[in-house]
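Hello,

Here is the structure I said I would pass on. My notes on it follow below.

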Amino acid sequence: MKKGLLITLEGPDGSGKTTQINLLEEYLKEKGYEVLKTREPGGTSISEKIRDIILDNHNVKMCGMCEALLYAASRAQLVNEVLKPAIEEGKIVICDRFVDSSIVYQGIGRGLGVDRIRSINEAALDGLCTDITIMLTLPYDEGLKRKYKQKIFDRLENSGEEFHKKVFEGYLEISRKCDKIKTVDANTSIENVHKDIIQIVNKFLKCN
Ligand code: TYD
């Protein structure tokens, strides 16, 4: 039996996930929950090394399938080393991106196919399911505009406008198809987005 909870945040680059994750963590801790915050790709020392390979701008030759398998490998380690034990201990885990990022970025953005990405990740997830997936929606060009302010782009951010447009449309497509994914409009103030997120989380906590 699952004791804790897995909350994942999704959204295009620049949608403000990190800010919202920090606010959600603070909110849940104040309510007395034990919270663990982590991110993908990364979250363990092995997964962080894989992250460096994936996002390295020098790896121009990396093919889509290699990229998809590296994300899945990083995920397998995170699931095994961090997520499953924390959930077993009754913690609320908040993960910055998870398998839906692979569905959208690699399955749709890179055109590898949603079913293929799902089957690769079935092994990586080893039966673990998310409880709540919150998807921040933001026009892709708005997200990139926000990112431009950071100056240095990683390999994924450097994948071109067409790719990011596909990612944006991919997110909308999967959120329409899956009831578990709750969308939140990120094209508004930080406070409004936070309010919408805690409403979704509180509703889930009350019902379970
Ligand atoms: P990151 O700097 O964490 O981006 P963000 O702050 O926007 O979350 O870099 C992660 C990048 O990896 C991001 O561009 C999305 C991409 N990604 C995938 O393509 N597939 C995946 O499975 C995951 C987890 C991330």
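Which element gives the most to the shell around the ligand? Helix H4 does, with 4 residues. Helices here are DSSP runs of H or I of at least four residues, strands are runs of E of at least two, and both are numbered from the N terminus.

Before the rest, note that this is a predicted model, in which local features need pLDDT of at least 70, side-chain atom pairs count only at pLDDT 80 or more, and totals for chains, interfaces and linings use all residues. Residues are numbered from 1 along each chain as its sequence is written, and side-chain values use heavy atoms, with hydrogens and water left out.

The ligand is surrounded by 17 residues (a heavy atom within 4 Å). Among the closest are Arg-97 and Ser-102. By class, the shell holds 5 nonpolar, 3 polar and 9 charged residues, where Asp, Glu, Lys and Arg count as charged, Ala, Val, Leu, Ile, Met, Phe, Trp, Tyr, Cys and Pro as nonpolar, and the others, Gly among them, as polar.

Polar contacts are pairs of N or O atoms within 3.5 Å. The side chain of Lys-17 has an N or O atom 2.7 Å from a ligand oxygen, and a polar side-chain atom of Tyr-71 is also 2.7 Å from an oxygen atom of the ligand. For Gln-106, a polar side-chain atom lies 2.8 Å from a ligand nitrogen.

Elsewhere, Glu-25 and Lys-37 form a salt bridge at 3.3 Å, N to O (a side-chain nitrogen of Lys or Arg within 4 Å of a carboxyl oxygen of Asp or Glu). Glu-25 is in helix H1 and Lys-37 in strand S2, 12 residues apart.

Regards

Technical notes:
Polar contact = N/O pair within 3.5 Å; in protein donor to acceptor, adjacent residues only side chain to side chain.
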